[in-house]
Amino acid sequence: MEIILANPRGFCAGVNMAITCLEEAVRLFGSGIYVYHEIVHNQYVVNRFTKEGVSFVNDLKEVPEGSILLFSAHGVSPEIRSLAKERRLKSIDATCPLVTKVHLEALKYARENYNIILVGHEGHDEVIGTMGEAPESITLVETAEDVEKLPFTTEERLAYLTQTTLSVQEATEVITALKNRYPQIVSPPKEDICYATTNRQDAVHQLVTQADILLVLGSQNSSNSQRLKEIGSTHGIPAYLIDGEADLKDEWFKDSSRVLITAGASAPEVVVQDCVEHLRKKFNAQIKEVTLQEEKVQFPLPKSLRVLQNTI
């Protein structure tokens, strides 16, 4: 067996920042820290912090007044921020700066009286947070078919934004449909899809033709990981989205001599290496790492964490 390790893979700058932020909060304040939703969409990461005494909540009523609360990398709505203030929570904002960029664009377009079309997946944490910035101005679409059902005319002021973790292909299809139906629609100054999402998808697109099977390390609720899995299916090879080594099944590799492995932007490298080691021992796998692009993006820890550091 040959393993092709796609690079770039795994943690992006936003995930690195959010996880480092939570690590630092645990170091400074110990257990008893709360996070609104999962810090990132990865079960390994969530389980790790849960063992360290961090509590992940979906309702701020679960957070005792005055506690330390982190907002996850996916961002939150102004309503959640206001509720946190009402409960006197010491908030640390670990929102990815690229998600914050989309929030700010939504506010700008809403102030300028645009109807905003948000391309994204209903129910995703990032979409909920973005729509909360201007709920009266934002309409969500997921597919090109949804575009045909929109009630707007070609005379109205329209702008579009996208969820940062979409498949480049699916976003392009919906954006093309929007521009065809509404030639006047305004686009953001720079595309919203995250650089890391694009890079990981590009790497798999380039390498998947060399493989018999695709393994994507990531959790089922990770949008960008699901998009990576879909690339394998599009190319007609078996593709599996797994959390780690325990999910591997020997029968997947019965007729597979070349295995392409990648990881979603919220999956840690340790789960990749665990799978590689399993396949190396089980099938005498040889490993070839292929780097198609170097990533040097880094985000600083949030100011809200530094403010809390100064209170100690």
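Let me begin with Arg157, which lies over the face of Tyr114 at 4.2 Å from the ring centre; a charge sits over a ring here if NZ of Lys or CZ of Arg is within 6 Å of the ring centre and within 35 degrees of the ring normal. This is a predicted model, in which local features need pLDDT of at least 70 and side-chain atom pairs count only at pLDDT 80 or more, while totals for chains, interfaces and linings use all residues. Residues are numbered from 1 along each chain as its sequence is written, and side-chain values use heavy atoms, with hydrogens and water left out.

Tyr114 also forms an edge-to-face aromatic pair with Tyr109, at 5.4 Å centre to centre and 70° between the planes, where rings of Phe, Tyr and Trp (its six-membered ring) pair if their centres lie within 6.5 Å, and planes under 30 degrees apart count as stacked, over 60 as edge-to-face and the rest as tilted. Tyr109 is buried, with a relative accessible area of 4%, and Tyr114 is buried at 14%; buried means under 20% relative accessible area, exposed over 50%, and partly exposed in between, with a 1.4 Å probe and protein chains only.

Elsewhere, Tyr240, Trp252, Phe253 and Phe283 form one aromatic cluster.
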